[in-house]
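The following note sets out numbered points on the structure shown below. Each point takes up one topic.

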Amino acid sequence: MIGRWRWMALAACWLSGRAWGAEAFPTNITADAMMLEHAKQTAVFTGHVVLLRKDFKLWADRLVVHYDAKQNNELRAAEAYGHVRIERGQTHGHSDKALYDQQQGKITLVGHAVLQEPGRTVRGERIVQDLRQKATKVEPQGKGRVHLHLDGGGKKAPATQGKP
């Protein structure tokens with residue numbers, strides 16, 4: 001029993017390094033099951049996975065965390081699968097799969113990807129958010145198209161006098 005809690009604490013520490021920002025914040029992960037694979041330097045969480053960290057939340061069916069044992073168990077990457085939802089501040093997203101690359105500072109939503117912020121929604125097969133460059137790239141599936149919806153709220157267009 002003690003070993004099990006220690007593993008869970010270690011798994012939370014792996015995610016609390018520089019992942020999701022420069023400052024260290026507590027990370028809580030709940031799931032139906034967890035498997036640490038020391039040789040592969042991974043922690044696998046399955047079943048109703050919920051990750052909570054300051055203003056970042058993630059829900060998925062499965063979460064695979066890759067860490068570097070030689071670098072104080074620092075997070076290298078994470079992969080979330082199945083019914084993925086994310087929230088960070090006022091930004092919400094969902095997809096079939098999500099990938100986080102610590103080194104590149106990117107979050108990628110793959111498969112029926114949707115990203116919403118106040119006043120706008122973007123849809124595509126793949127959405128890549130570059131957290132460092134503060135840029136978002138949206139890619140269609142195959143020869144399909146991407147979609148952007150702007151609410152148009154806020155200011156009204158100026159009235160035109162006598163013009164249709």
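**Notes on the predicted model**

1. The lining of the second largest pocket divides into five nonpolar, three polar and five charged residues. Here Ala, Val, Leu, Ile, Met, Phe, Trp, Tyr, Cys and Pro count as nonpolar, Asp, Glu, Lys and Arg as charged, and the others, Gly among them, as polar. A pocket is an open set of points on a 1 Å grid over the protein atoms alone, where a 1.4 Å probe fits, with protein on both sides within 12 Å along at least five of seven lines; lining residues have an atom within 4 Å of a point.

2. This is a predicted model, in which local features need pLDDT of at least 70 and side-chain atom pairs count only at pLDDT 80 or more, whereas totals for chains, interfaces and linings use all residues. Residues are numbered from 1 along each chain as its sequence is written, and side-chain values use heavy atoms, with hydrogens and water left out.

3. The second largest pocket holds about 270 Å³ of space, a volume being the space filled by probe spheres set on grid points that are joined across faces, edges and corners. Of its 13 lining residues, Arg88, Thr91, Glu117, Gln129 and Leu131 are the closest to the centre. Elements E5, E7, E8 and E9 each give two or more residues to this lining, and E5 provides the largest share, three residues.

4. Helices (H or I, at least four residues) and strands (E, at least two) are DSSP runs, numbered from the N terminus. Of the 164 residues in the chain, 33% are buried, that is, under 20% relative accessible area with a 1.4 Å probe, protein chains only (exposed is over 50%, partly exposed in between).

5. Leu115 stands opposite Val122 in E8; Arg126 has Glu139 in E9 as its bridge partner, Val128 faces Lys137 in E9, and Arg123 is partnered by His147 in E10.

6. In the hairpin of E8 and E9, with four residues between the strands, Lys134 takes a positive phi near 55°.

7. The largest nonpolar core has 24 residues, of which Phe45, Leu58, Leu63, Ala80 and Leu109 touch the most other members. Such a core is a set of buried Ala, Val, Leu, Ile, Met, Phe, Trp, Tyr and Cys residues joined through side-chain atoms within 4.5 Å. Strands E3 (42-53), E4 (56-68), E5 (74-88), E6 (91-101), E7 and E8 (120-130) each give two or more residues to this core. Not counting residues up to four places away in sequence, Leu63 has contacts that include Phe45, Leu58 and Ala80, a contact being heavy atoms within 4.5 Å.

8. Is Thr108 buried or exposed? Thr108, in strand E7 (residues 106-117), counts as buried because its relative accessible area is 8%. Beyond four places in sequence, Thr108 touches Lys97, Ala98, Leu99, Arg126, Ile127 and Val128.

Technical notes
Pairing = 2+ DSSP bridges.
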